[in-house]
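Biologist: Could you take me through the packing of this one? I'd like to go residue by residue before turning to anything bigger.

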Amino acid sequence: MDHAEIEAIVEVHRKAFGETEGEETAQLAKNFLDHPDTISISVKGDGQVAGNVLFTPFVFEEHPDAICYLLAPCGVLPEFQGHGVGKELIETSIEHLKSIGADAVFVLGVPTLYLRYGFLPTDKQTPYPDLLTAPEAWMELALTAGKAKKLSGKTKAIPQFMRAHWWDTSGRG
């Protein structure tokens, strides 16, 4: 991925998340793009990156053979919101993850958004289970039949995502 594409992706997340969260989310996206195992999927519109979603490895310490990812962040430029870009991003990325043999995808997000793509609330632990005050926001999409049900125990994300505040749902609406 070249510098211009990275900057376009970072800008999508900056604008998509607005003034309050944009800068921090853009920096998180940039940090994730520096990780060699990050999967980045973009949708273009009018010749530019209109939306982007990132997937980073998510490890169950007792099940190191499981291939799981965290979905975050997922952003669409404001001028493309409401035009199917987010839907295309999620559907395309789910197909990609299935094609590479991923077992499950996890997201800490808005339940009403992700439920429509088959994500369901999960009892699997986040890296900071004590900070999950909105359990309905922690969701899972099983991609390999039966494999995700067996997952349990402590989890960890890539180092850039192991800061406690990313997992604290107490201040989110």
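Modeller: Leaving aside neighbours within four places in sequence, F161 is in contact (heavy atoms within 4.5 Å) with L28, F32, T56, L70, A72, W166 and W167. This is a predicted model, in which local features need pLDDT of at least 70 and side-chain atom pairs count only at pLDDT 80 or more, while totals for chains, interfaces and linings use all residues. Residues are numbered from 1 along each chain as its sequence is written, and side-chain values use heavy atoms, with hydrogens and water left out.

Biologist: Which residues touch the most other members of the largest nonpolar core?

Modeller: F161 is one of them, together with F58, C68, L70, F106, W138 and W167, in a core of 28 residues; such a core is a set of buried Ala, Val, Leu, Ile, Met, Phe, Trp, Tyr and Cys residues joined through side-chain atoms within 4.5 Å. α1 (3-16), α2, β2 (48-60), β3 and β4 each supply at least two residues of this core, and α2 gives the most, with 5 residues. Helices (H or I, at least four residues) and strands (E, at least two) are DSSP runs, numbered from the N terminus. Apart from this core lies another, of 27 residues, among them V43, V53, V107 and Y114.

Biologist: And C68, buried or exposed?

Modeller: C68, found in strand β3, is buried because its relative accessible area is 3%, where buried means under 20%, exposed over 50% and partly exposed in between (1.4 Å probe, protein chains only). Not counting residues up to four places away in sequence, C68 touches T56, P57, F58, F60, A104, F106 and L151.

Biologist: What else does T155 touch?

Modeller: Not counting residues up to four places away in sequence, T155 touches F58, V59, F60, E61, Q125, T126 and P127.
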